Structures are given as C-alpha cells and as structure tokens.
There are 4 protein chains.
Amino acid sequence: MSFNARTDLALEAREMYFENSQLETEAEGVAAEEQECDFGIKVTRVFVQNEKGRQALNKPEGTYITVELPDPNETLQEAYEEACRICSLELADLIGKEWDGTVLVLGLGNRNITADALGPKTVDSVLVTRHLLQYMPEEIDERLRSVCAISPGVLGITGVETGEIVKGICDRVKPGLIIAVDALCSRRMERINNTIQLTDTGIVPGAGIGNRRMAIDRETLGVPVIAIGVPTVIDAATIAGDTIDKIIENLKINAEENLPLYKMLSVIAEEDKYGMIKQVLKPDYGDFVVTPKEVDTVVENIAEIIANGINIALHEGVTLDDIDRYK
Amino acid sequence: MSFNARTDLALEAREMYFENSQLETEAEGVAAEEQECDFGIKVTRVFVQNEKGRQALNKPEGTYITVELPDPNETLQEAYEEACRICSLELADLIGKEWDGTVLVLGLGNRNITADALGPKTVDSVLVTRHLLQYMPEEIDERLRSVCAISPGVLGITGVETGEIVKGICDRVKPGLIIAVDALCSRRMERINNTIQLTDTGIVPGAGIGNRRMAIDRETLGVPVIAIGVPTVIDAATIAGDTIDKIIENLKINAEENLPLYKMLSVIAEEDKYGMIKQVLKPDYGDFVVTPKEVDTVVENIAEIIANGINIALHEGVTLDDIDRYK
Amino acid sequence: MSFNARTDLALEAREMYFENSQLETEAEGVAAEEQECDFGIKVTRVFVQNEKGRQALNKPEGTYITVELPDPNETLQEAYEEACRICSLELADLIGKEWDGTVLVLGLGNRNITADALGPKTVDSVLVTRHLLQYMPEEIDERLRSVCAISPGVLGITGVETGEIVKGICDRVKPGLIIAVDALCSRRMERINNTIQLTDTGIVPGAGIGNRRMAIDRETLGVPVIAIGVPTVIDAATIAGDTIDKIIENLKINAEENLPLYKMLSVIAEEDKYGMIKQVLKPDYGDFVVTPKEVDTVVENIAEIIANGINIALHEGVTLDDIDRYK
Amino acid sequence: MSFNARTDLALEAREMYFENSQLETEAEGVAAEEQECDFGIKVTRVFVQNEKGRQALNKPEGTYITVELPDPNETLQEAYEEACRICSLELADLIGKEWDGTVLVLGLGNRNITADALGPKTVDSVLVTRHLLQYMPEEIDERLRSVCAISPGVLGITGVETGEIVKGICDRVKPGLIIAVDALCSRRMERINNTIQLTDTGIVPGAGIGNRRMAIDRETLGVPVIAIGVPTVIDAATIAGDTIDKIIENLKINAEENLPLYKMLSVIAEEDKYGMIKQVLKPDYGDFVVTPKEVDTVVENIAEIIANGINIALHEGVTLDDIDRYK
C-alpha cells in the first residue's frame, strides 16, 4: 500500500510507515516512546535520528512530541492544569538547556479564519515581559524571563513572506530562542483540534499548500526554533480515503459474509489510493480543506493550553518542579 | 442505487431521485424549471405538487427555489447587485400576494459557530422599521413596510426550543408573514456556501441533527413562513460517498483499462452506500459535520446578499442605495 | 445643591442625597450597611423601604446590593473566585427562599456595541440546563436546577420592545424566577466597569435613553425579577460636572490662596449644574455617552464573574470546578 | 487664555492658536486653506512651513490635510464614494511625485481595543498585491502597483517597540513609500470618529500616552512616510475643559443676566485650565481616555473609507469597482 495522505504530524507519518511497510518495527533511523498520563492524556515522542529516518517518515531530523488530549472541551480544572503542565514539561525538555536573551513567540496563521487562527490566539495569551524588563526592570518579579510575541500575518494578507517578516524582526530583537505556533493538517478526523505537536525542527509557514516557502528554523534564523502546532484541518481527499480504509477494515473483520467485496476494495487499497482520489476530486474541489463545524469554540481552548504551557516553561519557578513526571 | 446522503436542498433531493431511479423524467407530482441569468447565476424552481411528489423527493409540498452563485466571493459590484435583485424577485414571487401587518425575520442558528451563523448575520443586515413606524410614523418614508427581526438562539445555548421562543414572540408581535433564515446541509461540496434556497414550506430548526423539533411553519404559527437557507456544512460520510461515486464515474469513462475495478466498485454503489459509510464511520466520528476552512469570510458575503434580497422585496420601490440610507 | 447626574446605581443616588441634603444621616425610608471583604472587595446594601425612601433616592422600593471590585482586571485566581463567591451569596440572599420551576436569565443590551454587551456576554457563560433536564433527566446531576437563558436584543435592532419579547417568551416558558443582566450608567468614572449592582426591583431596558419602556419586573411578568448590572458608560455632562465639583473641592482644601475662585465656582455649584451643562452641551453633543477606551477587555472579565455568581447561586452545592465540568 | 488640551490634529492646534492668541490671522510660518465639497464634506489643509510655524502649532513641519465627514454612518452609496475619492485625491497630492518600489501600509494600534483598532481594520481592507506581482506577474493587471500591508501590534502586546518591528521589516522589504494608519486623540467630541487627517510628517506610535517612542518617519526609515489618522478618543480632562468653555461662551451671549457668573468663570479660563483640570482629576482618574459608546460600528465604516482612499490613490486608473474585483 502506498497511502500518502497529507499530514503535518510525525506521529501520523510513523503510522503511515507501519501501514505501508506492513512491518511492526520502527524504520531505521527512527525511535519512539509512548506514555499514558492522567486524565487520558497520551504523550508520544518520535525521534528522527538520521537521513534514513528522514526518508522513512518524510520529516526533518529532530524530536517530535505529540500530546493527545482526550477531549479538548474538557474543562475540569485539574485536567486543564495537567494538560498545561505536560505541555510545559515537554517544551522545557525540547528547549533542553538554558538559552540567552529574549524568547520570541510567533503566532503564525491567519487571524481572520478560525481554523488558521491558533497561532495568533495563542500569542494573545502569552505573558509578554520584554518591554517591562527593558523599561521598568526594578518593578518586575525576578523569576520572569524576557519574552516578546508577534503575529506576523500570512502572505496572502500582508503580501510579504512570513519568513521575511520574521527575519527582519529577529535582526532587530536578536532573540536567543524562537517558539513558533501554527495550525496543522492531519490525516485523521479524530486528531483534529485535540492533538498538540511540539518539535525542535522549526516550521515552513503555509507549507501544506504546496508552495515553496522560506523556512522558520535554526538554519535561516541562526537560533533554535521550537514549533508547536495543532491539526485543525483535514483535506476532503483524506476523509474519503480514510473511509475506504475503514470499510475495508470493517469488511475484514466480518470477512466471511463480505468476502467478494473485501477483495474488490483491496484492489483500490493496493493502488495509490490517495493520489487517485485527489485526481478524481480535483476538477470539482481542487484542494478542498475542511474543518469541523465547531472549530470556533475548540481553538480558543487549546490555544489557552499551549499559551500556558509556554508561560510555565519559560519563567523560572513558575514551572512545577515535579520529578516523577506523569505519575 | 439508493444513495441517501443528507441534504436540505430540494434541488439535490431531485438529483438523487434521478440517480436512484435511473430515469430522466420528473417524478410524478414534481415539476421543475431552470433559468440561466447574468454573471453565471442559475435559478432552479422545484415544485412538489402533491403527496406523490412529497414521497419521491422526501420534501414537504411547496415551492423550492435555488439561486446558485458561481462565486460567493465575487465582489464585482454589478454581480453582487444582480444576486441581490434575483433573490428579491424570487422572494417576492414566493410571498405572492400582499400580506397584512408586520414581517418577522428570524435569524436561526448559533451566532458563535461561524458555519451556523448565517441566520443571525443576515438579521444583522435586515432593515428593521417596525419601531420607527410605531413611534415616529410621520418621519418615515411611506414606501417602508413594517419589519422586525430576531435571532432567537439555539436549544443548546438557550435551553428553550427555538420553536417555543418564536411562538411566544409571534403571540405578542402578531406578524402577517415570517421569513426564517438558517444554515443548511448539502450533499455536494461544490454547493457549500454559494447556493441560496428559498421555500414556502417553512423549516424545522436543527432538523438535520436528527431530533424531533417543533416546526416553524404555517401550521404551527398560523401565518405564511418563507424559509431561506444556504448550505454551509456537509457531513463526512457524504464526502466519502461522493468520492466513491466520482471514482466510479471516472472509471466508467475510462472503462476499458479499468473494467474489473469498475465492476467491483459498482457492487458497493448498489448497496446502501451512505448507510454503510455512516455505520463504518460511527464509532470514531459520530456525526462528523465539516465546513470549508474559509467559511468565515464567505458567510458574511452571502448573508449580506440575502439580507438585501429581503430588504428590496419587502419595501415597495426601494433600491439598494435607499436601503443604505436607512441603515 | 441639586446635582442630578444620571445614574443607575442606588449607591450613587444615596451619595447624591447626602451631597444635596448636606446631611450625614440616611433619608427617611432608607437604610444601608457596608461590609469590607477580602481582596479589597466592598459590599454595600441599600434598602429603599417605603414611598418616602423612594422619593429621596428616586429609586423603586427594594434592596440594592453593590459589589465593588478594586480591579476588574485582577486575574489572581483567588480574588476572582472570591468575587464570584460574593456575587453568588448576595444573589442567593436577594432571591431569598426557594423558587419553583425554571430560572430564565436575560442578557439585555446590544451585543454589537461592547459597552452594551454585558448582558449577552454574561448569558454566554451561564450554565443552561433546562433542555437537558427535559430531554435526558436521568443523565443529569441531581443538584442542577432548570435554567434557560436568552439575549432578546434591543429595540433599535429587533424593532420590538424588549419587554414584549420577554413577555412572549415567559408565556411559553413560564419561569419561576427571572434574572436580568444589563449594562448601566454611572455618575463616577471610578465606578465604570468595576461595580456590580444586584437588586430585586427589576429593570426598565434602555431606560437611560429617556424613553418610556415596558418594565421587566414582577408587576409586568408575574414572577420575581432580579436585575444585575454594571456601569459601563457615563455621560459627557457628568464628567464635566464631576470635574467642576472636584475643582471646587480642591479649592476648598487650599481655601486661603484661592478664596475668590472658590466663591465663584460655588455659584455654579448652587445652580442646577447638571441641567445647565446638559443645556450648554446639547447643540453639539446631544446625549454624548462615553466609555473608557479599554472597555473591550474589561466587560469580558466582569461578565464571567457575574455568570459564575449566577451559576453557583442557582445550583445547590455546585462549585466553580463543577460548573466548568458541565459547560 | 492658554488652553492646552491634548490633540493630534493640526486643525485643532491651529484653532487653539487662534483662541489663545485672540488673533484672527495665521501664525507666522503657518498657511491654511479650506474647501467645501459635496455631501457636506469639508477639506482643510494646514501647512507648517518653518520653525516658527512649528513652534506656533507645536507640530512638525509639513502638510496636514483634514477631511471632515458630516456623518460617518452615512451610507448613501454616492456620499461614501465621494469620501473615498476625496481621500484618494488628497493622498495622491501628499505623495506628490511617483515613488519607486513597493508601498508598505502599516496598521498601527491594538486590534483588540475597538477605539485603537483603526489601523489594523484599515489594513484588512487594503488591496495587497506585492506577492502576486512577485509570484505571478503575468496574471496581474498592469495598472496594479506593488503594495504590502502589516499590522505590527503595540508595545504592550508584543513587548517590542513598534518602531523596531517596522524598521526590521523595512530592512527586508525595502519599500519606496510608507503609509501608516493610526487612531488619534482629539480635543473636540464633535470630531471623534468623523475626521480623517493625512500628513507627510510621519507619526510617533502611542505618542499620546506620554512616553518617548521611536518615530515612524522619513528620518528613522529613510523613505517618505505618510500618516493617516482619525481621532477616536478624547481625554476626560478635555471634555471637562471644553464644557467650561462652552458655559463661558454661552454666558457671554446672554451676558446681561449672567454677568457676575461670566466674570467668575473667565477667571478660570485665564488660568491654565487644562493643566488645572488634569491635576484635579489625576488622583482618581489618571489619564482617563474615553470614546463614544458606539465606537464599534463607526470605526469599521471609516476604516473602509481610508482603505479605499489608499487603494484608489496607489493603483493607477483603478476604480472602487475594480478594487472589489481584486479582493
């Protein structure tokens, strides 16, 4: 099988590797670990260790941490706090050692389209301190680190590559660390709006749309870039392909009574199903990207969790100094 | 074939009748006419004339007019004005003769979920005059008719059936005509956000979700009820089913090289495909309803067109420019 | 002196009585008590006991409770929780005994004008349960009471008196208690957006604008009506009058060097200053009502406090965390 | 008299010069011309010609054009179009000769506070073309010029001086002309939300608040900077001072019966009234800046007019209808 649905999640790239290879072992150059936490939260860490891993998953070398929240609308205070805490710990881990200077948080995406507004909404809740430390340092709690935060807009709205704007700002602000937050694309409806990916590989804004864009990463900006994202959209072709898969799987379970149909569908599954679906849908839909109807209410909640994860991770002593993580 | 995708459009119910019956003639009790207008706008009128027609299309007896706009984001002033004009003419036709007393415009749906906010957004642009005619009649242009407009909210937000709220308001306001605007569900992605349906059969708020709700129609309220809607959502099962159809259709065209696959897929198509897909998707997705990512920008435009269609239709001899003057 | 600045707060009506009468004792028919709480929160209860009290304060007979929050943007979790708790206790006190049936919460005001959106925003955060108790009672926590909540809009937007809409809804829903939330007008800039008034006298929507409107109170609706409000606007004439007062007061303190000026200004103060200012301002400003520039960020916070005060007061033994779980 | 109310309008600085000097001739180094246009629109051009003019008006040397709209909510299509047209003509005049390269439009101010959102809202309606000309030049109407547009946020939100962000972006984009749009402060309530000032002197973001900020002007950025603004706020002290003035003026007219009061108030007027009021108000209000309650609905309209003025001025031979086509 060679199902190549569009996804920004390393977690799903790994899933697809297993599906396509029919193997149950990790690809060479890839390692992974999973952890179940309280409140049904699940953490998966995928490590793309070298060029071979990169080819297997089609993702740059680096660490990809996925935090899956069972219900993004869960508002039980403790579950919410645990989600923030886990995000902050994983983020702190990714950052690794101490950084020098200011942290620049980037809210990527289009503020006017809800499904794309995760970045700007997160930035709205990030604790910004750089100007206070600069203009009134004596009045500021000494545990606070210097943080600034900008939502640079998108190419279609500003007329300028996001990477260019960010480069210009970096040249002036000279941050020691960048955290870029953006909406992502998933291949599974069940991950939409409830999965947070953190990675140390940076990000290419609007990459999903197929254009070649300037990356926001260590190479282009000269400082470490952590990218945090949540899948908020899925393309129509993926929904269709996913459904055909599920029908096949379902038929397999009830194999006896459906045997002929199962065989037939397997034929499709053996072809490049996703490519075929894309081609068939193209004349009418082009790249039809969809999002759940309720996206408005969910994006707000998950942006808040990410912002607090960032806030706790960056400011010393605000972090929970819990050694036994995720008990 | 028995493809029963969920749709609120009579136009699509008729399409499905043709597909399922393999006939090219209208069902008994159904009549229809189509009209091409300027700027690529297309008007289709479907008449469900009696009980037989009702059964064939699974839609109440009455008239269903569909105005299809080639590009809902087209903002060429003349195309926009033509769309408003066509809506107003079709609406005036549906209303038929003169009505007595106030017109009550209802903006159904949830204002906080963009894909469901068509009704409230339309109401925001309707020219409301009832209070002016009541409190300062001498200052008001005599061509203006009495119009009031309310967005009653949705059951999940208010805790009260929308039909109950509307009934209570009608008992006080005693309108002579009701126009209810609501977001609809389509079975075709290409109709999402660019098709306006006007009907004299009224509406059942939130009917799509499968619950039994109190209708907003002539029977329950005692006055004519025109319903105006735009499909803004599509369910995931429909996208999947639609895609399988397109694959089959595509294979049919290139029949020779794909013959075996075509036959196989036709087997699925002969089953109750939609039901099967729903069943397969259920455990993971439930009723997963999606909307295009760009819904935010489109709903605003089409709500404006509907509101101006209503404004022009209700107030005698009043033009778009006049309307602006009163707002 | 007879300073008659426009105010919706009984607390300020009482202040004005003291100023105008030059007395330090309560008016006949008026009683009051003050209480300092944690986090700088202050509660004042004014009781208008009879017709004499009504004339003295120009407010209907009843109880008026004012909760003053030192900083509405205070985001310390405990201060926020204390504000919610105090609101819920005072509200429970006002309601007094048990009520029968559903509680109807009304969000009065215009959702599209921030300074007027307090009611609709509060309603957005009220825990609505009536439909759950009606359609799936066995699944609902037995401590939950039946609550429904509607934002009926304003006359200028709907074309229908708010009182008419509410009456129509009450006739269908038949609530046992009504809580109406609305934005108010203050005479003191320092109370804008940080003072919550709760009263058992009901409310007249849009009363401030000078029109005679249908009241939302026990007399018109037949059930108890609690009104909750926050001053979000002040009129320009009040700011001017207030300033002249402050200049006078200031001159009084430094009386010796400013003696002649003090005398002069006192002449104005002895006239009907507010009336004079209104008359002078009228040709240019009419009823120019202003609100602080930052109103957007504050209204959200205080609406949340009121909503949670309502949520805790209505549902027996329910805490802030429980509420989150049901939303 | 020495009334020094806070204002960002050169028009009002000139008014104050006349009031304070009691002269009816222009200050040395200042010239001005007024023009009445259709639909009650009034254009005033104030030229600060040299250092003397600068001192007299306390405004940098340059040209200040004020377009006063009689009613910002006037939506008669022709009046709206005339307002756009006049803005575009005056802007073209200010720009003067042809520029080279891209135009960078800056939307200054805080998007989340309505009274401060004029800049970001204007940018939302500016026709952005730079990316189209860069990536698909052959498909673009040759009359279109290269325009990009960014809303850089405010210091309190981003933690970075707006001027720094703009400088960084300019270093990458290298524009040939900058147009900066921002909300202003007026001293007259009757000018709030209906007066557009265009100037070639640039702007200091957040200057009103009293801090020393990095200017956005030719000197700091090396290219011409046009600033466009609309007063949306007024400070409480100005309203008070303005009222005392009006009382005095009013008394002057009816001098005989009010003679003693007139004399008395004139004493205040002879002092530094604004300073005195500020001082008196300070302990309670600090810098209490207010905006009309209806600011939400007005800012949207006037931002649209400015955006279209910019669109028409920048793109040769392009009309309002053409612009709609490209958006």
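In the predicted model, helix α12 of chain C (residues 295–314) is mostly covered, with 15 of its 20 residues buried. The end C-alpha atoms of α12(C) are 28 Å apart, which agrees with the span of 28 Å that 20 residues should give at 1.5 Å a residue.

The helix α12 of chain D, also residues 295–314, contains D:Ile305. This residue has a relative accessible area of 6% and therefore counts as buried, since the cut-off for that class is under 20%. Apart from neighbours within four places in sequence, the contacts of D:Ile305 are D:Leu69, D:Tyr80, D:Ala83, D:Cys84, D:Cys87 and D:Ile196. One of these, D:Tyr80, is 225 residues away from D:Ile305 along the chain, yet the C-alpha atoms of the two are separated by 7.3 Å.

The largest nonpolar core has 46 residues, and the members that touch the most others are A:Val67, A:Leu91, A:Leu118, A:Ile179, A:Ile196, A:Ile228 and A:Ile310. Helix α12 of chain A gives the largest share of this core, 11 residues.

Chain A as a whole has 12 helices and 9 strands. Of its 327 residues, 58% count as buried.

The buried residues of α7(A) are A:Thr162, A:Gly163, A:Ile165, A:Val166, A:Gly168, A:Ile169, A:Cys170 and A:Val173. After the helix comes A:Lys174, which has a positive phi, near 50°.

Positive phi values also occur in loops of two other chains. In chain B, B:Asn193 has a positive phi of about 70° although it is not a glycine. B:Asn193 belongs to the loop between β6 and β7 (195–199) of chain B, and it counts as buried because its relative accessibility is 4%. In chain C, C:Gln22 is likewise not a glycine and has a positive phi of about 60°. The loop that holds C:Gln22 lies between α1 (10–21) and β1 (30–36) of chain C. C:Gln22 counts as exposed, because its relative accessibility is 62% and the exposed class begins over 50%.

Strand β4 of chain B (residues 103–107) has 5 of its 5 residues buried, so the strand is largely enclosed by the rest of the structure. The residues B:Val103, B:Val105 and B:Gly107 point one way from β4(B), while B:Leu104 and B:Leu106 point the other way, and all are buried. The strand pairs with two others of chain B. With β5(B), residues 147–150, β4(B) pairs in the parallel sense over 4 bridges, and B:Val103 has B:Val147 as its bridge partner there. With β6(B), residues 177–185, β4(B) is joined by 5 bridges, and these strands also run parallel. In this second pairing, B:Leu106 stands opposite B:Ala180.

A loop of chain D, between β7 (195–199) and α8 (218–221), contains D:Asp217. D:Asp217 is buried, with a relative accessible area of 15%. Not counting residues up to four places away in sequence, D:Asp217 touches D:Thr201, D:Gly202, D:Gly222, D:Val223 and D:Val225.

Aromatic rings are involved in two kinds of arrangement. Over all chains, the structure holds 4 aromatic pairs. In chain A, the charged end of A:Arg145 sits over the ring of A:Trp99, 4.4 Å from the ring centre. In chain B, B:Arg145 lies over the face of B:Trp99, and the distance to the ring centre is 4.4 Å.

How values were computed
Residues are numbered from 1 along each chain as its sequence is written. Chains are lettered from A and ligands numbered from 1 in the order in which they are written. This is a predicted model: local features need pLDDT of at least 70, side-chain atom pairs count only at pLDDT 80 or more; totals for chains, interfaces and linings use all residues. Side-chain values use heavy atoms; hydrogens and water are left out. Buried means under 20% relative accessible area, exposed over 50%, partly exposed in between (1.4 Å probe, protein chains only). Two strands pair if DSSP finds at least two bridges between them. A nonpolar core is a set of buried Ala, Val, Leu, Ile, Met, Phe, Trp, Tyr and Cys residues joined through side-chain atoms within 4.5 Å. Rings of Phe, Tyr and Trp (its six-membered ring) pair if their centres lie within 6.5 Å; planes under 30 degrees apart count as stacked, over 60 as edge-to-face and the rest as tilted. A charge sits over a ring if NZ of Lys or CZ of Arg is within 6 Å of the ring centre and within 35 degrees of the ring normal. Contact means heavy atoms within 4.5 Å. The expected span of a helix is 1.5 Å times one less than its number of residues.
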